[in-house]
Amino acid sequence: MRSLSKTIDELWRGQIKARQQLEKATQDDLIIYGFDANASKKTAKALENQQKHGQGSLGIENEYFRGNNLTIREKDEMLRIAYHSEKAENASEYARLKLAMDYWCSLWFWPIDQANLLPTRSQYLTEMSLILTGEIPQEEGFTLTSMDNGQPTFDDAMDDSHERDYMYDHAVDLNELCKGDGEPAQRLRLVKKIAKKQRFFHWELEFADVFKDGGFDFMVGNPPWVKLQWEAANAISDVNPKYAVQSISASDLNKKLPELLKNQRTHDAFISEYVSTAGQMSFYNAIGNYPLLQGQQTNLFRCFLPNAWDYTRKHDGVSAFVHPDELYGDTRAGILREQMYRRLRHHFQFINERKLFAGVHNETIFSLNVYRNPNTDYNLPRFDSIWNLYDPKTIDECYASDGSGAVPGVKNELGEWNTRGHKSRVISISKGELSMFSRLVGSGESSGWLQAPMVGMHATELLSALEKMSEIPRTLRNYADEITYSGMWHETNSRKDGTIKDDIHFPTSTKALIYSSPFIGVTNPLLQVARQKCQTNRDYDPIDLTDIPADYMPRVKYSQACTDAEYEARVQKMADPNQEDGAAGRFDAVYRLCNREYVGLSSERTLQASCVHPGVAWVNTIAGYGVHPERYALLALMSGLEAALPYDFFVRSAGKPHINRSVLESLPVPASVLNPEIRLRGLLLNCLTKPYANLWQSCWDETYTSMSWAKDDPRLTADTFTSLTDEWDWHTPLRTDYERRQALVELDVLASMALGITLDELIDIYGLTFMVLNQYEADTWYDANGRVAFSSKKGYGKLTFDRPDFERIKNAPAGKVFTRTITDDTQPGGPRERTIEYVAPFDKCNRVEDYKTAWKFFTQKYGDAK
């Protein structure tokens with residue numbers, strides 16, 4: 001091996017010289033200021049003869065080449081004959097090294113049906129020796145060249161004092177090696193075939209002269225954003241396009257595969273595609289090839305990053321790439337992220353809402369990243385970051401800004417994506433900020449900042465709020481032994497294995513009541529109900545909480561498909577801390593807090609969580625956790641906190657639209673005198689039906705009756721609190737739109753105060769981060785009874801007027817009643833005709849003013865104590 005390595009170094013030195021010769025020979029003289037060089041008339045045949053007898057020399061010493069321009073055809077012939085050594089009796093350094101490198105790469109993509117030709121280690125090294133030197137190594141070791149006392153170094157390899165002597169002294173006819181019926185010749189022919197198909201590219205060989213000088217100064221690109229995974233449908237569709245046009249499930253395709261593969265053309269294409277995909281996955285996942293990518297989802301763009309860092313100059317090489325932003329939040333990419341931070345200089349995050357990339361989904365998040373190799377091995381990270389960009393021009397405006405004027409939000413006054421820049425949009429990130437990120441969403445350990453997931457923010461004004469959240473000593477992770485997380489039933493696989501089945505129906509009991517994500521809203525487990533024909537996420541109707549009975553259960557899409565015993569065996573289990581023998585109870589036998597697992601980061605709200613009662617299960621578009629009944633107070637507290645904007649802001653800043661255990665565990669749990677206020681509002685918003693009675697009773701506190709609204713309004717009555725008892729009834733929860741909105745406003749304030757966030761910071765969080773909510777608030781009108789009469793938000797469905805009808809009545813005098821008759825199909829026995837009353841006057845709310853009012857109220861009541 002050491003001898004072959006020495007040989008490769010000799011050949012590489014020769015390749016540097018050969019590339020320099022080729023560049024000199026093919027460099028065109030520019031015709032300027034009347035100067036014109038004579039065009040070369042050298043024929044391809046002459047070049048071929050010269051190559052045959054000149055042992056790899058390009059013959060550029062000939063005066064004929066000097067000062068003459070070659071035609072494109074002549075250049076191609078020179079590359080083919082002199083460089084690639086086609087028809088040459090003595091192969092050039094390039095041709096030998098390329099075949100050797102192709103051979104090694106081909107082993108990753110070796111055809112299954114020719115596995116018998118795979119070389120043994122001895123055969124491989126022997127054939128490598130033949131390719132590189134033309135000699136067969138001795139049995140006891142290699143003596144191809146004289147050996148030094150030590151392993152050759154890269155500096156030794158760059159020593160060009162011998163130029164191309166090795167090639168002249170060791171002739172190799174590659175064409176001859178590939179002839180014949182012997183296994184070595186068959187293998188080399190197969191290697192060439194594989195290399196032609198896979199298009200192996202060897203940077204150190206193709207740009208040997210560049211690497212001799214230390215590498216590239218600069219690399220820039222938009223690498224492919226392709227997750228590498230095996231999909232049988234893709235392989236079949238190459239032969240039969242209908243499987244690309246017509247959607248077919250993996251399970252259905254697997255049933256058809258045996259018959260499809262009887263066709264020889266389909267069979268061969270299928271096997272070839274599998275070999276290629278399996279080879280790529282093995283290659284990219286090998287620790288020797290990509291040590292920084294271990295344990296991560298294979299995506300081709302990730303491979304470009306370590307390559308670029310290696311291929312650019314060691315201490316000052318620059319690389320810039322447009323790539324998905326997922327790396328900054330991937331908990332498995334810590335090792336890669338550590339190296340990214342050491343090199344990162346600029347990170348500009350874009351959302352594709354303005355279709356900068358046509359054909360790419362508008363919610364796709366990507367970033368422009370500029371890296372610079374560090375001057376030393378101990379450089380601390382320091383880079384600029386700008387988030388929520390919709391147009392590149394915003395970057396220039398941010399750096400040109402003097403910081404005056406208001407910071408523009410995500411959307412402008414017209415509801416358009418904001419492209420105005422501001423100095424405050426540029427976030428400078430170094431060790432201090434990364435340490436804070438680590439406390440928020442990382443390990444929190446002293447060295448955790450090195451690999452901490454990135455936390456994004458719209459402007460520097462929001463940095464302080466995140467810092468305060470990171471200083472809360474306890475998170476849900478501290479309750480790991482008492483909390484069980486679950487996605488429960490996989491929406492596809494659990495139907496395949498017979499756990500659940502498609503069954504649109506109104507349940508008659510709470511047993512195996514299976515929720516889908518559209519049911520869940522912010523502190524509302526009864527946001528919507530499935531329609532009789534429910535095929536998409538649009539096939540749901542809003543539920544009027546003022547009109548449902550105490551035992552109401554929504555129409556659902558799924559039901560239990562297996563026996564009770566089988567269902568119990570399959571359901572998630574959770575440990576009982578009171579059982580010494582480790583006995584476990586059913587996950588669906590307790591109250592739990594669940595949320596939509598995926599919501600867009602630029603939606604009205606991202607963290608949409610609510611409590612569900614025993615018996616409720618869910619499919620994996622919902623994530624959630626449960627606690628033992630002794631910990632229901634914690635569950636009630638978190639139901640209130642997770643409804644608050646600071647917690648939603650936390651999730652958005654983490655940059656993870658998939659809200660699962662890794663995100664939920666990071667949520668802070670403050671210890672505050674305000675916690676009873678937060679718990680009560682969480683319970684009042686969530687406990688909507690009789691199955692929540694036990695949760696209400698278990699969390700009852702006599703102080704609840706002494707609490708009150710923070711705002712004076714006839715739609716907010718004192719008996720909301722004073723009439724409360726430990727017994728739940730239909731009037732216990734908050735049901736009107738106005739009451740529920742006010743409770744959410746107060747939760748925003750209470751959570752902020754408990755976290756140490758100031759009023760101004762809360763207003764910035766709302767104004768800069770939740771622009772869609774801001775727009776809805778500005779155009780939502782309530783009647784005198786607290787019902788929403790009109791809103792630009794479409795989620796109210798038939799329960800509100802449309803805009804033309806509302807414009808005609810919105811200025812009506814106080815006390816005037818308007819009615820609408822709708823067809824309501826949200827309850828059993830429907831559809832039914834129903835008349836809704838709306839009482840004037842109609843008015844809007846101002847969330848910022850309500851924040852100020854509530855802040856003043858709770859400050860007077862509790863002082864500055866958190």
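A residue counts as buried when its relative accessible area is under 20%. The model is predicted, and 53% of the 866 residues in the protein are buried. The chain forms 33 helices and 22 strands. Along the principal axes, its C-alpha atoms fill a box of roughly 105 × 65 × 60 Å. The accessible surface is about 39,800 Å², with 49% of that belonging to carbon and sulfur atoms. Of the contacts between residues at least 6 apart in sequence, 74% join residues at least 24 apart.

In soluble globular proteins, nonpolar side chains tend to be buried together. Here the largest nonpolar core holds 199 residues, and the members touching the most others are Phe437, Tyr515, Tyr625, Met638, Leu695 and Tyr851. Helix H29, residues 737-755, supplies the largest share of this core, with 11 residues. A second, separate core has 14 residues, among them Phe806, Ile809, Phe818 and Ala840.

Tyr515 can be followed in detail. Leaving aside residues up to four places away in sequence, Tyr515 touches Ile520, Pro525, Leu526, Pro554, Val612, Val616, Ala617, Trp618, Val619 and Ile622.

Helix H29 also packs against helix H24, residues 645-654, at an angle of about 70 degrees, and the axes are 7 Å apart. Angles of 65 to 115 degrees count as roughly perpendicular, so H24 and H29 are roughly perpendicular to each other. On the H24 side the contact involves Leu645, Pro646 and Tyr647, and on the H29 side Asp748, Ala751, Ser752 and Leu755. Five of these contact residues are nonpolar, one is polar and one is charged.

Definitions and conventions
Residues are numbered from 1 along each chain as its sequence is written. This is a predicted model: local features need pLDDT of at least 70, side-chain atom pairs count only at pLDDT 80 or more; totals for chains, interfaces and linings use all residues. Side-chain values use heavy atoms; hydrogens and water are left out. A nonpolar core is a set of buried Ala, Val, Leu, Ile, Met, Phe, Trp, Tyr and Cys residues joined through side-chain atoms within 4.5 Å. Buried means under 20% relative accessible area, exposed over 50%, partly exposed in between (1.4 Å probe, protein chains only). Helices (H or I, at least four residues) and strands (E, at least two) are DSSP runs, numbered from the N terminus. Contact means heavy atoms within 4.5 Å. Axes are lines fitted to C-alpha atoms, for helices over the stretch in contact, and angles run from 0 to 180 degrees between N-to-C directions. Angles under 35 degrees count as roughly parallel, over 145 as roughly antiparallel, 65 to 115 as roughly perpendicular and the rest as oblique. Ala, Val, Leu, Ile, Met, Phe, Trp, Tyr, Cys and Pro count as nonpolar, Asp, Glu, Lys and Arg as charged, and the others, Gly among them, as polar. Accessible areas come from the Shrake-Rupley method with a 1.4 Å probe; for residues, only the protein chains shown count as cover.
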